[in-house]
Amino acid sequence: MKSFGYTISKDRQIDFDKADRRIANYVKTHEPSFNICMSCGTCTATCSAGNFAEINLRKIMLLVKRGEISGIREEIAQCMFCGKCSLACPRGVNTRNVILKINQALEKFSI
Ligand code: SF4
Ligand code: SF4
């Protein structure tokens, strides 16, 4: 059979009953604007640290919501807390506080 170079992607279904949603729930409670993110990526595009390090805030927030939190701590440690993403967000998400609350939740739940 001829190969066209395509492969079947890994199954990306998420079982929310099994996902670790502790961080998402903590952030939602302490920074409600976390809920109105539309994953546009403006924060990531304007991130000061993004030019020098591997940090993608849009992806971090999406993964936290999905409960896929492995590697979050290392990535979020790259943030300089400059707050530029908060100024750029078209939905008014307090992204800097979201990052702070994710950090607090990581400590609180010893993740
Ligand atoms: S800029 Fe705002 S709405 Fe867009 S992905 Fe970032 S936090 Fe979400
Ligand atoms: S606060 Fe952090 S995530 Fe936001 S622009 Fe600054 S370095 Fe990037």
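**Entry 1: ligand 2.** I looked up which element gives most to the shell around ligand 2, and helix 6 has the largest share, with 3 residues. Helices here are DSSP runs of H or I with at least four residues, strands are runs of E with at least two, and both are numbered from the N terminus. This is a predicted model, in which local features need pLDDT of at least 70, side-chain atom pairs count only at pLDDT 80 or more, and totals for chains, interfaces and linings use all residues. Residues are numbered from 1 along each chain as its sequence is written, while chains are lettered from A and ligands numbered from 1 in the order in which they are written.

I found 14 residues around ligand 2, and Cys-47, Ala-49, Cys-79, Cys-82 and Cys-85 come nearest. A residue counts as near if its C-beta atom, placed from the backbone, lies within 6 Å of the molecule or strand. Helix 5 (84-88) and helix 6 (95-108) each give at least two residues to this shell.

**Entry 2: ligand 1.** I then turned to ligand 1, which has 13 residues around it, the closest being Cys-37, Cys-40, Thr-42, Cys-43 and Cys-89. At least two shell residues come from each of helix 2 (42-46) and helix 3 (57-66).

**Entry 3: the whole protein.** I noted 6 helices and 0 strands in the protein. Its C-alpha trace spans about 55 × 35 × 25 Å along the principal axes. Of the 111 residues, 22% are buried, meaning that 20 or more other C-beta atoms lie within 10 Å of the residue's own, with C-beta atoms placed from the backbone.

Terms used: A residue is buried if 20 or more other C-beta atoms lie within 10 Å of its own, exposed if 12 or fewer, and partly exposed in between; C-beta atoms are placed from the backbone.
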